[in-house]
Amino acid sequence: MRDPGADLWALDEVHFQQHGSRCRMWVPPETRDPVLYHHPTRRSVGYFGAVRLREGTLFYRRGSGRFHGQSFWEFLQALQAASATPGRRVVVISDNAKYHRARLHLPWREQQAPAFELSFLPPYSPELNPIERVWKLTRRLCLHNRYFGFLESVIDAVEYQFHQWTDGNETLRRLCAII
C-alpha cells in the first residue's frame, strides 16, 4: 500500500440469498416482539467483487450462474481494463479457490504480469481478505431483518448499495485498511 507505483485490490466472490437473515434488534418493551417473515427458498445471486484498498473503490459484476474458471477470467479481464493506470501496476489479492488458479486463464495472467498480477492468500484464511468485511457490511445494511419476495428485490437492494461504493469512499477505505 505504501508503494505509490502500485494499486492493491482485494478480490472475492459472494452469494446473497433471497432467504434473508435475521439478527438481533432492539424493540421497545411495550410492544410485542416482531414477527419477521422470510421467503422459503434458497435462491441466491452471486457477485464477483474487488475493492481498491487505497481509496475504497468497489468494482463488481453479477455472476451469471456458478463461479468457474471462465466467469472468473471474464471478471479479471474487466477488472484489468477498469483498474489500468499508466505507469502503475495492479496487484490483486485473492483466495485459493480452484477457479482462481485455473489453467484456462494462466497464459493470460502471465502475459499481463507484472503490470497486472494475482497474489494468493494462504489456504483457509478468509479473514485475511479485506473484501470479506465489505460482504459482511453489505449483508448488514441491505439484507438483515428484511423480507424479499423476489430475487430481483435482493439484486436491487445490493446493487443500489454497490453503486454508492463504486467511487472512492471513506467507509470502504477504512473498513479495508491494512495497517
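Contact here means heavy atoms within 4.5 Å. This is a predicted model, in which local features need pLDDT of at least 70, side-chain atom pairs count only at pLDDT 80 or more, and totals for chains, interfaces and linings use all residues. Residues are numbered from 1 along each chain as its sequence is written, and side-chain values use heavy atoms, with hydrogens and water left out.

**H100 and its surroundings**

H100 touches L11, E13, F72, S94, D95, H105, R109, L118 and F120, not counting residues up to four places away in sequence. H100 sits in the loop between β4 (89–94) and α2 (106–112). Helices (H or I, at least four residues) and strands (E, at least two) are DSSP runs, numbered from the N terminus. Buried means under 20% relative accessible area, exposed over 50%, and partly exposed in between (1.4 Å probe, protein chains only). H100 counts as buried because its relative accessibility is 0%. The side chains of H100 and D95 are joined by a polar contact of 2.9 Å. A polar contact is a pair of N or O atoms within 3.5 Å; within protein, one must be able to donate a hydrogen and the other to accept it, and residues adjacent in sequence count only if both atoms are side-chain atoms.

**Overall fold**

The protein has five helices and five strands. Along the sequence, the pattern is β-β-β-α-β-α-β-α-α-α. Of its 179 residues, 42% count as buried. Among contacts with a separation of 6 or more, 77% come from residues 24 or more positions apart.

**The sheet**

Five strands form an open sheet, ordered β3-β2-β1-β4-β5, with mixed pairing. The edge strands are β3 (57–62) and β5 (116–120), each pairing on one side only. Two strands pair if DSSP finds at least two bridges between them. From one strand to the next, the twist averages 25°. Axes are lines fitted to C-alpha atoms, for helices over the stretch in contact, and angles run from 0 to 180 degrees between N-to-C directions. β1 and β2 run antiparallel and are joined by nine bridges. V14 stands opposite Y47 in β2.

| Helix | Strands contacted | Angle |
|---|---|---|
| α4 | touches β1, β2 and β3 | about 5° with β2 |

**G49 in β2**

G49 lies in strand β2 (residues 44–52). With 0% relative accessibility, G49 counts as buried. G49 touches A10, L11, D12, F59, Y60, F75, I131 and W135, not counting residues up to four places away in sequence. G49 and F75 are 26 residues apart in sequence, yet 8.6 Å apart in space, C-alpha to C-alpha.

**Helix α3 and the cores**

Helix α3 (residues 131–143) has 13 residues. The buried residues of α3 are I131, V134, W135, L137, T138, C142 and L143. They pack against β1 (6–17), β2, α4 (151–164) and α5 (170–175). Just after α3, N145 takes a positive phi of about 60°.

A nonpolar core is a set of buried Ala, Val, Leu, Ile, Met, Phe, Trp, Tyr and Cys residues joined through side-chain atoms within 4.5 Å. The largest such core has 28 residues, of which F16, Y47, V51, V154 and F162 touch the most other members. α3 gives the most to this core, with six residues. A second, separate core of 17 residues includes L11, F72, F75 and V90.

Definitions and conventions: Expected span 1.5 Å × (residues − 1).
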